[in-house]
Structures are given as C-alpha cells and as structure tokens.
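Here are my notes for a first look at this model. Please keep the structure open while reading them.

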Amino acid sequence: MGYKILLPTDGSVTSRKAAEFAAELASIIPESVITVLTVITIPKTLYSRRLYWRAKDQPVDGQELKTLFVEEAQRLVEEAVEILRRRGIKATAAVREGDPAEEIVRHAHEGGFDHIIMGTRGLGGVQELILGGVARKVVHLASVPVTLVK
C-alpha cells in the first residue's frame, strides 16, 4: 500500500514549505502517497444571521458563505496537490469541517496514515497564534509521527 503521508494545509508559507518537505521525503520512500488536507472552521454565528458583503448587492446567508469556504478550501488543497504532482509525487485531496487539530488527527487515524507533516505557523497575525496552537495540539493528540516544518 505504500507509506501514507497526511499533509494539512492552510495556504500559508509554512504549509508550502511543509509540502516541499513532504515531496522530498516521498521521493526517497518507495510507493509514498500524500493526502493534502484542509479543515474548514466556520463560526456557528455565521449560520444564524445574514451577512452583507460590500462587494455584492445581495445578502449572503450562512449556507452561501459555507459554499464559499468550501470552494476556497478546495482551491487550497488543489494548489498543494499540484505542487506535489509537478514533482512526480502521487497526491490526493481532502476537505473536512470542524476543529482543525481534531479533524487532522481524526483523518490520520481513520485513513491509516503513517506520518503527518505540517507547517508550524499559519497565516500571520492573530491567526498565526491560533494555528501555531493547532500544530501543538496535533503533536499532542496524534498517534503517528508528526513533523513540523517552519
């Protein structure tokens, strides 16, 4: 079946560096397969109220907003998959919704992954602190080796 690597991504610089590292590792381990995963986290308050975007004249409700989150998530994973495929690495994509660290660990367990490779920090500012916490939580919860790339 090969060596299964889970590569969580949020589109950040460290996520792209993690993809490069995963590609290097996969290139030296025969029959490696990488799954790129992103986790959507939509605040519950967005489901219960209507949002108005200045860029559009019509209101956007919670379901429409979720569709936008899903589309962006799919774009992020496909971007990372393309980086890997250009390097000759077999890669697939997955999108989940929920708490990022818990969903990463759950996906790794359910999919029988051998290794998780992810960036240490996410998308700058306050999010960076939150996503840094995701990396720490994954290390704490995971039952497989986790490599953090900075």
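1. Start with the cavity lining. By class, the largest cavity is lined by four nonpolar, four polar and two charged residues. Keep in mind that this is a predicted model.

2. Which residues are they? The lining of the largest cavity consists of T9, G11, S12, S15, R16, A19, L76, E79, A80 and I83. Two elements, helix 1 (13–28) and helix 3 (62–86), each give two or more residues to this lining. Helix 3 provides the largest share, with four residues.

3. How much space lies in the largest cavity? The answer is about 50 Å³. Searching the whole structure turns up one cavity of 30 Å³ or more. As background, rolling a probe the size of a water molecule over the atoms shows where empty space is left.

4. Now turn to strand 4, residues 115–119. Five of its five residues are buried, so strand 4 is largely enclosed by the rest of the structure. The cut-off behind this is that buried means under 20% relative accessible area.

5. H115, I117 and G119 point one way. I116 and M118 point the other way. All of these residues are buried, whichever way they point. The general rule is that side chains in a regular strand alternate between the two faces of the sheet.

6. Is H107 buried or exposed? Its relative accessibility is 15%, so H107 counts as buried.

7. What does H107 touch? Its side chain makes a polar contact with the side chain of R96, at 2.9 Å. Leaving aside neighbours within four places in sequence, H107 is in contact with L6, T35, L37, A94, R96 and F113.

Conventions
Residues are numbered from 1 along each chain as its sequence is written. This is a predicted model: local features need pLDDT of at least 70, side-chain atom pairs count only at pLDDT 80 or more; totals for chains, interfaces and linings use all residues. Side-chain values use heavy atoms; hydrogens and water are left out. Buried means under 20% relative accessible area, exposed over 50%, partly exposed in between (1.4 Å probe, protein chains only). A polar contact is a pair of N or O atoms within 3.5 Å; within protein, one must be able to donate a hydrogen and the other to accept it, and residues adjacent in sequence count only if both atoms are side-chain atoms. Contact means heavy atoms within 4.5 Å. On a 1 Å grid over the protein atoms alone, a cavity is a set of points where a 1.4 Å probe fits but cannot get out, and a pocket is an open set with protein on both sides within 12 Å along at least five of seven lines; lining residues have an atom within 4 Å of a point. Grid points are joined across faces, edges and corners, and a volume is the space filled by probe spheres set on the points. Ala, Val, Leu, Ile, Met, Phe, Trp, Tyr, Cys and Pro count as nonpolar, Asp, Glu, Lys and Arg as charged, and the others, Gly among them, as polar.
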